[in-house]
Amino acid sequence: MSFLLTTSAVEPAQLRAEEWRSRLALPYAHGAHVRAAAGELPELARELQAIGGPRTHVTVSTETPPDAGHVELLLAAGVDSVQLARPERDAGELWWPSMIAFLREAVSHGLPVSWQPPLSAGWDDGLDVSLLVHLPPPTIGDGAGRAATDWSHRHAPGLCRWRQGTGFVVVLDERDGAASQTVIDDPVLTGAFGALHEPTRLAELGRRSRAAAGELIEAGFVLDLNGIAVTLPYRLRHWPVPNTSY
Amino acid sequence: MHLVLAVTPWHLLHHAHAAAELLAGVLDPPHRATVHYANLTFAELLRDADRDDPGRYHRLAESGYLSGIGDWVFTRALYGQGDHAVEDARGACASAGFDWEQTLAAHRIAERWADLAAADILALQPDAVGLSTTFAQSVAALALARRLKRQRPDLPVVFGGSNCDGPMGAALQRSFPAEIDFVVRGEGEQPLRQLVNALDTADPADRERQLGTIAGLCRWRAGTQVVQPEGTALPEGEELRGGTQDAYFDAVASSEAADWVRPGLVLETSRGCWWGQRKHCTFCGLSDRTIRFRAKPARTASEELLGAVDRHQVLDVMTTDNILDLAYLDSLLPELAAAGLDLHLFYEIKANLTAEQLATLRAAGVLTVQPGIENLHSAPLKLMDKGSTGAMNVALLRELQGNGMTTMWNYLYGFPGESAAHYLPVIAQLPNLVHLLPPAGAYRHIIERFNPYFERPELGFARRAPMPWYRWVYPHVADGDLDDLAYLFASQPAGIDEVTASALREAVAAWQDHYHCSSLTHRLVGDTLTVYDRRHGRDPVDHRICDPAAVAAYRELARPHSAERLTARQRKAGHDIDEPWARAFLAELHRAGLTYADGDTHVALSLAHDPRLRRLPAGGTTLAIRSAEQLPAYAGSHR
């Protein structure tokens, strides 16, 4: 009698968008590649969790990045990685701030993500890639351009992260090659740092918060994309093993 | 009186000197104490000599103790006759892997350091100076003391610290009478307070009377050494208090070292060892005088920790405890978890903590632990009186990895009574453990003063002598005094021979090389358990277990079981299996490399699948520029 059924590492099954609702009910021992729309992610996460969290890779067809708040849901449901399809048309001014927020939370929670920039030419106009090198770079394809190549070459996990203290946050920033540690303990600044995790129009902020956001933008901790601000460092929730040099 | 407590090299740069900081707070008013971090001055001088290598101080501080190189660096500053014992030191450097030219440069720089440090201390206008000697601080302290006494012969110089415990402090004072006026032995709060009060007493008779009441004090009376018996009274946990650490953070902030040192907090939440009280691990160098376990009340520990975090705005905390107080699992640790901070705590723990207890530690921010694993075979562990088994240790490594916690450990060998039969089965299985964090290395254990191997020669080390380097570091010390001064001892090798030891070291090196690219995880989906084997050196395979009894048995093997015990557990859970079934099951898992076998006990090796777990190469990475300064590689022994 044999207790183990041993096979070469098995590629997960491929499921089309319209299939996953019916077929995920089966026990996917080897997991699945699932295609879903961004709006379906909470429902997909619920379904996956109900059957024990099979090893699942999700490809999200979306014109706008998924809600950053869905990252925890997907991980709890056993999702191993998320691939975001390339948006096929110009998705508007919120696309980049939302994508940065999603990437930031994915890195913070440890969810591997691959993604592609919009097709439109000049996608990186006005984008300071040197501030984003702590986030997963876009998948480099033909004609990706210098910005994506730069991002990819300079990327390393852990280059810009923050930790919560007692009424202060510590930002550890190594994006420019030198390590610096900044303690933010002014309540207005910490308030803005936290609030801008959600992309926010600067014009909608009060005078003090806008001034605080300006300081954080100056420090490179918040990105201003045509008047929409978003916090860049990710919260250090998961440490590598060993962590002796982190 | 103004007491200056000077911290000499090789105290690590990235945290305060816990003992000096707390002792600075115990003096009776109007006496006061200043903690002076002279170790930072030496780090600056080394950095000036080679600006591309800020890690040199750290490397020597971490690894220069056992070889004697750390102490040797300061011998030129102490003896003042040019380069000292060059050929011996060159050989020791070669054996220990230090760059000779760099180390010789440090040896020469040390003279300038001693001059500068003495001037800095005297500028503080002290009425007395205290110097702590732990690990490789003794010669640096002596070099400093020599200069202080030359320039201020009236200045009382007090030695203390671990290198002064028992007969060591008295021998050090006998050997360096011009440098050491007093030696405080044992835990210092009470004797130091008494000593400062006595030194401030004008009436010679009264002063003499007071000095005579200080337990453990070594002093001079009319040119004759007086060695007072060490006391038995120790502060209770409720009496323990920590220092502010202000002096350290101020010193770093005004030092060039601020450019490359990321300061952390240090905290003492307990003293002694509750396991050692029951069974003193045979290789552990904790003194029986201070081994009684005493923990601070959780409320005090919490207030001190969170208060220090708030005061210094630092989230990395190293505790000096020899072992975690298990009561903290229900008090201090949940409170820290509830605070919602991103702490990084280091604790030494006992290796038999459960998965739930480890999760409690992780939730509180305990990210790095030293569990005293030491070995993966039960027989040597029994010889050590560790109170754990090989399979328990492997289960612990697995759980720590699964919780994202870093484990500091060494593989120790060389115990009287062990044999190759206790190592060869382990060596054969180490490739199966490649997905778990490897030890820093495999080392023959060393005899330390106070450990049972030292105290009880009948355990197997009948003939012993101070490590050879003591002789060339202290050439003028008489043989008898050298025996009393030494903490580390050499003896005839015991246990396994070099052939087996070499095979173990090679297997550990391969483990270190391949850890970062290996994983072994499992997932239960529906009724099927799948094990994903992506360990280095194997074809990537998936193992599926579909039989409900087999799935349950595999999950039961998260804890170590023999076939007999596994059968009993499974039958109790309602699975209709017998012992032949369990034996066949264990044999098949073992053939697939999915279990670790320690005698007839087996434990499963796979971790629950979690895409968030990230491995870095064992032994450090280049992610953080200031990596070398952040956390020490902890040695296998307690001190």
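Trainee: Why are α24(B) and α26(B) called roughly perpendicular to each other?

Mentor: In this predicted model, helix α24 (residues 548-556) and helix α26 (residues 579-591) of chain B pack at an angle of about 65 degrees, their axes 11 Å apart. Angles of 65 to 115 degrees count as roughly perpendicular (under 35 roughly parallel, over 145 roughly antiparallel, the rest oblique). The pair α24(B) and α26(B) is therefore roughly perpendicular. Axes are lines fitted to C-alpha atoms, for helices over the stretch in contact, and angles run from 0 to 180 degrees between N-to-C directions.

Trainee: Which residues of α24(B) and α26(B) meet?

Mentor: From α24(B) come B:Ala549, B:Ala550, B:Ala553 and B:Tyr554, and from α26(B) B:Trp581, B:Phe585 and B:Leu589; contact means heavy atoms within 4.5 Å. Seven of the residues in this contact are nonpolar, none polar and none charged. Here Ala, Val, Leu, Ile, Met, Phe, Trp, Tyr, Cys and Pro count as nonpolar, Asp, Glu, Lys and Arg as charged, and the others, Gly among them, as polar.

Trainee: What makes B:Glu374 count as buried?

Mentor: Its relative accessibility is 3%, and buried means under 20% (exposed over 50%, partly exposed in between; 1.4 Å probe, protein chains only). B:Glu374 therefore counts as buried. This residue lies in the loop between β13 and α17 (378-384) of chain B, and its phi is near 70 degrees, positive in a residue other than glycine.

Trainee: Why does B:Phe450 count as buried?

Mentor: At 10% relative accessibility, B:Phe450 counts as buried. B:Phe450 is not a glycine either, yet its phi is positive at about 85 degrees.

Trainee: How do you know on which side of α16(B) the buried residues are?

Mentor: The buried residues of helix α16 (residues 355-364) of chain B are B:Leu358, B:Leu361, B:Arg362 and B:Ala364. They cover an arc of only 165 degrees around the axis, so they are on the same side of α16(B); the arc is that of the directions from the helix axis to the C-beta atoms. B:Glu356 and B:Ala363 are exposed on the other side.

Technical notes: Residues are numbered from 1 along each chain as its sequence is written. Chains are lettered from A and ligands numbered from 1 in the order in which they are written. This is a predicted model: local features need pLDDT of at least 70, side-chain atom pairs count only at pLDDT 80 or more; totals for chains, interfaces and linings use all residues. Side-chain values use heavy atoms; hydrogens and water are left out. Helices (H or I, at least four residues) and strands (E, at least two) are DSSP runs, numbered from the N terminus.
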